[in-house]
Amino acid sequence: MSETTPEAVDERLKSEPFFAKMMKRPELGAIAGVILVIIFFALTADSAMFSLSGVINFMTPAAQLGILAIGAALLMIGGEFDLSIGSMVAFAGLFFGVCVVTWGLPLIISIPLTFVFAACVGAVNGNIVIRSGLPSFIVTLAFLFILRGLSLVGLKMATGGSTQLRGVRDTIEGDWLAPFFSGDAFPGLFLWLADNGFVATFKSGAPKVPGIPVEILWFIAIALAATYILLRTPAGNWIFASGGDTTAASNSGVPVNRVKISLFMLTACCAALVAIITVMDAGSTDARRGFQKEFEAIIAAVIGGCLLTGGYGSAIGAFFGSIIFGMVVIGLTYTDFDQDWFQVFLGGMLLIAVLFNNAIRKRVTGER
Amino acid sequence: MTDDSKFHHGDPTAHIHPVVEMKNIEKHFGNIIALAGVSFDVKPGECHCLLGDNGAGKSTFIKTMSGVHKPTKGEIFFEGKPMNFNTPRDAMEAGIATVFQDLAMIPLMSVTRNFFMGREPTKGKGLGKRFDTKFANEVCVEEMRKMGINLRGPDQAVGTLSGGERQTVAIARAVYFGAKILILDEPTSALGVRQTSNVLATIDKVRRQGIGVVFISHNVRHALAVGDRFTVLNRGKTLGTAVRGEITPEQLQDLMAGGQELASLEGSLGGTV
């Protein structure tokens with residue numbers, strides 16, 4: 001029987017090169033993917049794609065998806081799925097539209113109300129999953145249809161038969177809160193940049209890019225906040241623990257059920273944010289809003305390194321996963337390829353990402 | 001492993017009061033009598049081994065001790081006072097830490113994150129309140145070093161540790177969070193020879209810190225290597241407690257098996273069990 005002396009260095013350990021360390025980061029796959037996609041489009045696409053307006057062009061859909069994907073990523077790390085986020089976008093959009101148009105509430109009331117409403121739906125989802133012990137896949141699949149159907153029915157009730165609720169734009173005109181959720185940020189800065197010749201302008205002298213679309217700022221802010229929560233707060237540790245092993249986590253005193261229900265609520269709130277932004281942008285809401293977004297969000301999260309089994313992943317990864325998504329959707333229009341290749345591309349990316357993540361997981365856990 | 005190892009052995013004498021004392025514990029599940037009068041106590045700084053074959057009631061007993069089950073009959077005293085734990089959480093906060101066989105470890109998470117899981121140290125206030133990773137990493141590396149394990153880094157995933165090392169993380173965690181009694185549920189059952197000795201060495205280190213260790217095992221050799229006292233559980237009853245040196249491995253083995261049957265078996269196996 002031997003006692004190892006405390007100062008002894010384990011002779012079986014090789015010093016780890018920087019590259020190998022990087023290999024163990026969950027977001028590596030997504031970053032590598034971004035680089036590959038950039039190289040691909042740099043070779044095949046019109047150079048306009050990587051001009052400022054081109055970048056804004058693909059970052060806008062990336063941001064709208066990304067807000068959902070980060071919520072989905074946190075939930076996946078916490079060990080659950082939410083297939084109802086796409087329908088939640090439509091449902092929250094309906095609620096928001098009704099608040100603004102039908103009830104004529106100002107944004108300062110409508111927006112918090114929409115978030116509270118979405119959080120409640122998320123809590124219902126979460127409670128059913130936790131209390132019944134059913135897989136969240138099935139429960140939220142049910143809600144995918146329930147919420148989509150409710151959105152349709154609700155829209156018809158609110159409009160008297162139409163599946164589109166118009167007039168949001170006129171109602172919110174001049175509301176002081178509107179610029180935080182719609183349009184472009186920093187128009188003054190871009191005007192100044194254009195005047196000084198730093199950015200491209202139209203012949204009239206107006207900048208081609210009038211500002212940064214607010215959803216991009218929300219997207220970046222949410223990615224940073226989520227990363228901070230995951231890596232630097234006890235709540236982050238609880239999320240990883242809940243997803244890693246429910247029994248082990250609760251035996252160690254992690255409030256697993258509370259964590260999971262909060263994550264369902266957070267995901268629903270992300271959907272509500274996307275709903276508010278897109279409804280205000282379009283000026284109307286309809287029942288197809290957010291259609292199939294749940295799959296795209298989960299794909300972005302998986303490309304970002306989230307394991308389907310939970311307990312592993314990163315918000316930064318989902319951030320880059322969404323950017324890949326935006327680049328592919330928009331980038332193909334800059335190339336000679338048929339745009340419908342997009343779906344093939346997406347499926348292929350998903351498959352590669354899952355294989356890659358699996359390999360990474362084995363490395364991390366040291367499985368052989 | 002010989003009867004006499006180089007481990008320090010506590011000298012549990014009558015004047016030291018036990019931290020936990022359990023008297024005539026009975027536990028019934030419906031018509032099944034899992035425990036039929038078990039008496040057991042642990043003193044600070046000793047390693048009390050609870051031996052028993054499969055189905056003897058070891059698991060039920062430790063679950064009673066750690067607050068998972070409430071005894072049907074019998075009394076439990078904690079530091080001299082009658083205790084009544086409603087949840088494992090209560091027992092944990094009082095200082096009874098249990099390291100179950102599944103260890104409550106998450107392989108994909110780093111050692112530090114596992115170490116502080118559910119009890120993360122924080123710094124800052126209000127919205128700035130955050131997980132103090134620097135402090136957590138330092139503590140984790142230091143505590144593991146005290147137990148004789150040098151981590152590659154605090155961010156090393158638990159999945160890359162060996163079974164014995166994981167066991168040690170679980171023990172170090174319990175000790176760091178102020179355990180007075182450490183219950184180890186078959187800590188060596190799935191380990192190789194070398195890892196077993198490391199875990200046994202860890203148990204010895206824990207005992208030296210004045211913590212009472214309850215070591216559950218069905219392996220007589222492992223028990224004899226570190227144990228100060230031995231209690232054998234058979235068919236839900238204690239068959240008595242022996243002090244180290246008063247009992248031979250053979251006697252213990254026989255007690256565990258309930259006597260007769262094994263004696264004849266052992267003859268044909270040449271004393272290898």
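**Strands, a helix and an interface**

Strands β11(B) and β12(B) (residues 237–243) pair in the antiparallel sense over five bridges; strands pair if DSSP finds at least two bridges between them. Helices (H or I, at least four residues) and strands (E, at least two) are DSSP runs, numbered from the N terminus. This is a predicted model, in which local features need pLDDT of at least 70, side-chain atom pairs count only at pLDDT 80 or more, and totals for chains, interfaces and linings use all residues. Residues are numbered from 1 along each chain as its sequence is written, while chains are lettered from A and ligands numbered from 1 in the order in which they are written.

**Around β11(B)**
- The hairpin of β11(B) and β12(B) has two residues between the strands, and B:R235 in the turn has a positive phi of about 50 degrees.
- B:F230 has B:A242 as its bridge partner in β12(B).
- β11(B) also pairs with β3 (residues 47–52) of chain B, in the parallel sense over five bridges.
- Five of the six residues of β11(B) are buried (20 or more other C-beta atoms within 10 Å of a residue's own, with C-beta atoms placed from the backbone).

**Helix α5(B)**
- Eleven of the 14 residues in α5(B) are buried, among them B:G164 and B:A174.
- After α5(B) comes B:G178, with a positive phi near 80 degrees.

**Where the chains meet**
- 28 residues of chain A are in contact with 27 residues of chain B (C-beta atoms, placed from the backbone, within 7 Å).
- On the side of chain A that touches chain B, α11(A) gives the most, with six residues.

Notes. A residue is buried if 20 or more other C-beta atoms lie within 10 Å of its own, exposed if 12 or fewer, and partly exposed in between; C-beta atoms are placed from the backbone. Two residues are in contact if their C-beta atoms, placed from the backbone, lie within 7 Å.
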